[in-house]
Amino acid sequence: MKKQREVAAKLSRPRPVELPSGKWRCQVMVAGKRIDVIEDDPAVAHAKALAVKAGLLEETKPVKELTVGEAIDRYIESKDAVLSPSTVLGYKRIRDNALQEIMSVRLSDLSQERVQKAVNAMAKNRSPKYIRNAHCLLSATLAAYKPDMVLRTTLPQKEKKEIQIPTIEEIRVLAEQSVGTRFELPFLLAVWMGLRTSEIRGLTWDCIEGDVLHIKQALVYGPNGEEMKGTKTYSGNRKIRIPPYISELLNAYPHNGDRVVSYGRGTLYDHFARMCEHNGFPRYRFHDLRHVQASVMLALGVPDKYAMERMGHASTNMLKNVYQHTMRSKSEEVADMVDDFFSQNLHMNLHT
């Protein structure tokens, strides 16, 4: 990659520009129209751009001649400057692994029946969520390159995913076992302050502003490996007061580089999974610690607005899921209250 950047710097105009996806783009004007040439190598992009400018190379394949796969590739390239690196990576994985029965079909020949058959084939070994994500990418691509085709595909029914939240008793045990270890800080950042895994791993020392933690970035996986980006949503950029205990941990934490927490994502998850297994707890995900924060705020009666601000949520959807889970633990108590009410009242009514 360093060598490619050195090559790009030496090339004359049009100068290649590196995209977030790792590819290189050269722009030229042809007949008053701006043409993008995108390639893996800056020298190739530069050469093709000059050829297009000179009329020696067709600028782009006409949309009507694109295959579904080529159209998806073009759609991803057109969005890679505005989408999250992790989203781009997810799209590329879908492109390589999903709906393979129609990827070589020309857009002009694509029909609803072919799309349905491709979805049916995926339904044999893919989850409903994965299929819906793939279908969503296809639908967005068609909206851009074949807008007259509106998909009405029958998709697999959504699976109801039960949210898992460790109990306070379990959290107490895990917290005690984390005291004095390197894992204690990320554990408390998740459960006490409600940070996402990517936000914890994206913390740099300049995020600490006195007694306030400024959550302004996240470390995610993209097409070219780990990348630092902005928070997941606009609401994710937030400031939270640092509790004194966590402030002490931060002050004592080793300053090995710019990042505060140097754990790899997999290492963080594996370490937490082993702790749960050691204590005979369900195999919670490290991300489930964040749900504890939401559950506690709901139990304390914190208004949704403030809970959303602290968690960095853009909507109340996750809070509602956590709320339903939290209330489920009281279902027996509620059932007893309701049964008692009707037993007494109906019994009295029947004998008056």
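The model is predicted, and local features need pLDDT of at least 70, side-chain atom pairs count only at pLDDT 80 or more, and totals for chains, interfaces and linings use all residues. Residues are numbered from 1 along each chain as its sequence is written, and side-chain values use heavy atoms, with hydrogens and water left out.

## The chain as a whole

The chain holds 15 helices and eight strands. Helices (H or I, at least four residues) and strands (E, at least two) are DSSP runs, numbered from the N terminus. The radius of gyration is 26 Å, well over the 20 Å that the globule rule gives for 352 residues, so the chain is more spread out than a compact globule. This radius is taken over C-alpha atoms, and the globule rule is 2.2 Å times the number of residues to the power 0.38. Along the principal axes, the C-alpha atoms fill a box of roughly 95 × 60 × 35 Å.

## The sheet S1-S2-S3

Strands S1, S2 and S3 form an open sheet in that order, with antiparallel pairing. S1 and S3 are the edge strands, and each pairs on one side only. Two strands pair if DSSP finds at least two bridges between them.

S1 (residues 17–18) is joined to S2 (residues 24–30) by two bridges. Val17 stands opposite Arg25 in S2, and Glu18 has Trp24 as its bridge partner. Between S2 and S3 (residues 33–39) there are seven bridges; in one of these pairings, Met29 has Arg34 of S3 as its partner. The hairpin of S2 and S3 has two residues between the strands, and Ala31 there takes a positive phi near 55°.

Helix H2 (residues 42–53) lies across S2 and S3 and runs at about 10° to S2.

## The sheet S4-S5-S8

Another open sheet has three strands in the order S4-S5-S8, also with antiparallel pairing. S4 (208–209) and S8 (238–241) stand at the edges with a single partner strand each, so one side of each is left without a neighbour in the sheet. S5 (residues 212–215) pairs with S8 over four bridges, and Leu213 stands opposite Ile240 in S8.

## Two helix pairs

Two packed helices are described by the angle between their axes and the distance between the axes. Axes are lines fitted to C-alpha atoms, for helices over the stretch in contact, and angles run from 0 to 180 degrees between N-to-C directions.

| Helices | Angle | Axis distance |
|---|---|---|
| H3 (residues 68–79) and H4 (residues 85–97) | roughly 175° | within 11 Å |
| H5 (residues 112–122) and H6 (residues 128–145) | about 155° | 10 Å |

H3 and H4 are therefore roughly antiparallel to each other, and H5 and H6 are likewise roughly antiparallel. Angles under 35 degrees count as roughly parallel, over 145 as roughly antiparallel, 65 to 115 as roughly perpendicular and the rest as oblique.

Contact means heavy atoms within 4.5 Å. In H3, Gly69, Glu70, Ile72, Asp73, Tyr75 and Ile76 meet Val88, Tyr91, Lys92 and Arg95 of H4. By class, these are five nonpolar, one polar and four charged residues. Ala, Val, Leu, Ile, Met, Phe, Trp, Tyr, Cys and Pro count as nonpolar, Asp, Glu, Lys and Arg as charged, and the others, Gly among them, as polar.

For H5 and H6, the contact is made by Val115, Val119 and Met122 of H5 and Tyr130, Ile131, Ala134, His135 and Leu138 of H6. This contact has seven nonpolar, one polar and no charged residues.
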